[in-house]
Amino acid sequence: MIKQFLFVLFIFSIATGCKTKKQGSSIAINPLPLTRYFENSELPAAIMGYAGKDGNMEWFAYGPSVWGGKDSISEQHIFRIFSMTKAIASVGALQLVEQKLIGLDDPLNELMPEMTAIPILTEKGDLMAASSPITLRHLLTHTSGFGYEFMNPRLQSFEKSDWNYEDMPRLFNSGESWVYGTSVDWVGKIIEKISGEDLETYLRKNVTGPLKMNSTWFNVPENLQKNIVSWGSRDSLGFQEYPRIPTKKITTYSAGGGLFGSPKDYLSFLVCMMNNGSYEGGQILKPETVALMSSNHLPNNLTINSGGDTHGLAWAIENSKDEAFRSIGSGYWSGLANSNYSLDKEKNIALVYFTNFFPYGDKETQNFYRLFEQEVYQKISKN
């Protein structure tokens, strides 16, 4: 009944000129395929939006902010963005590179001995010392050897009872391969060590604050917590909601996945990157740094998937000839609770998509995202 009510409300809003919030977009896609998809789905809520270089945004919102509620979700609501945190933290690190406080290829042995001392776990299960240094470039490109335990059987089977390091063993020497993992969490620690500030403070001063991303925090201020949306998991019984509001303030910040943020904030961040680091009032990064960030940095013809995609200094780089929508060279990534973004500088379009539930890769929500991409790119091709 809730979805039927929202559908009626949506159609009424079109008639009264108040449909999805639109901020001067010149593309204006047809919302009906999206509405029909949502109405025929079991998804509790979703919001998606796109923008061009001019920063004008158009939003499509479906369902309530709190599952089973009666409001309408919006671009101002706050989501757990998980790995979409990585690009924001990467920008923070590249600011330090611009200031010559660290080099992309400086060995980190002296600055981060607690990281570089972590041994490598071989495929046979033995531990060995690393034979090559780790650099910031390795960390930003996920070629440092640090993996995620929940994604890697070798790490899952590792005996941790007498393990005294701050992270799990590395899986290979730096630069030898690509593996998704905790590398950007170490980037956050590097930012803190060099700047002398905790990561929340640094990003508020240098990235999220200047870009007026006022809903993006590791610890959401109390006056904004009402805007945090539902999150949870989907299983054979349906959607199970987790506690919505954090009960404890965190003091250890995960640059790899710890931020909360709103869709509007994240799209504003992408618009800044589309404009070569420029925003109203300043420059977050130099244009040449944004170009460097958005180019392939994987060594030895490495790729991150079977499609041949590569990785820059903040996100994956589209390189598949079979990709239906994004241009070759576009940046993209996602968050663990089924959120997505892409940045297509060739066609001057950025997209964000947010739901907030596990497991990652849920087919129904990912198909909704791809439908949204399809509608946007089809409209672009006709203009």
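The second largest pocket is lined by 20 residues, and L211, K212, S268, Y279 and E280 lie nearest its centre. A pocket here is an open set of points on a 1 Å grid over the protein atoms alone, with protein on both sides within 12 Å along at least five of seven lines, and lining residues have an atom within 4 Å of a point. This is a predicted model, in which local features need pLDDT of at least 70 and side-chain atom pairs count only at pLDDT 80 or more, while totals for chains, interfaces and linings use all residues. Residues are numbered from 1 along each chain as its sequence is written, and side-chain values use heavy atoms, with hydrogens and water left out.

**Pockets and cavities**

Next comes the largest pocket. It is lined by 28 residues, and Y180, W333, S334, G335 and Y360 lie nearest its centre. Three elements, β13 (331–335), β14 (339–344) and α11 (363–382), each contribute at least two residues to this lining. The largest share, four residues, belongs to β13.

Rolling a probe the size of a water molecule over the atoms shows where empty space is left. A cavity is a set of grid points where a 1.4 Å probe fits but cannot get out. How many cavities of 30 Å³ or more does a search of the whole structure find? The search finds two. Nearest the centre of the largest cavity are A45, W67, F79, S230 and N356, among 13 lining residues. The second largest cavity is lined by K86, S90, L140, H142, Y180, V184, H311, A314, W315 and W333.

The table puts these spaces side by side. A volume is the space filled by probe spheres set on the points, with grid points joined across faces, edges and corners. In the classes, Ala, Val, Leu, Ile, Met, Phe, Trp, Tyr, Cys and Pro count as nonpolar, Asp, Glu, Lys and Arg as charged, and the others, Gly among them, as polar.

| Space | Volume | Lining by class |
|---|---|---|
| Largest pocket | about 620 Å³ | 13 nonpolar, ten polar, five charged residues |
| Second largest pocket | about 470 Å³ | six nonpolar, eight polar, six charged residues |
| Largest cavity | about 60 Å³ | nine nonpolar, four polar, no charged residues |
| Second largest cavity | about 50 Å³ | six nonpolar, three polar, one charged residue |

**Helix α11**

At 1.5 Å a residue, its 20 residues should span 28 Å, and the end C-alpha atoms are 28 Å apart, which agrees; the expected span is 1.5 Å times one less than the number of residues. At the start of α11, a side-chain oxygen of D362 comes to within 3.2 Å of the backbone nitrogen of E364. Buried residues of α11 include E364, F368, L371, F372 and Y377, where buried means under 20% relative accessible area with a 1.4 Å probe and protein chains only.

**Strands and a loop**

Now to the strands. Strands of a sheet pair through backbone hydrogen bonds, either parallel or antiparallel. Two strands count as paired if DSSP finds at least two bridges between them. Strands β1 (residues 46–51) and β2 run antiparallel and are joined by six bridges, with A46 opposite Y62 in β2. They form a hairpin with five residues between them, and G55 in the turn has a positive phi of about 85°.

Why is β2 described as largely enclosed? Six of the six residues of β2 (residues 57–62) are buried, so the strand is largely enclosed by the rest of the structure. M57, W59 and A61 point one way from β2, and E58, F60 and Y62 the other way.

In the loop between β2 and β3 (79–80) sits S74. S74 is buried, with a relative accessible area of 12%, and its side chain reaches the backbone nitrogen of Q76 at 3.1 Å.

An open sheet of three strands has the order β7-β6-β16, with mixed pairing. Its edge strands, β7 (238–241) and β16 (357–358), each pair on one side only. Four bridges link β6 (residues 232–235) to β7 in the antiparallel sense, and R234 has F239 of β7 as its bridge partner.

How values were computed. Buried means under 20% relative accessible area, exposed over 50%, partly exposed in between (1.4 Å probe, protein chains only). A polar contact is a pair of N or O atoms within 3.5 Å; within protein, one must be able to donate a hydrogen and the other to accept it, and residues adjacent in sequence count only if both atoms are side-chain atoms.
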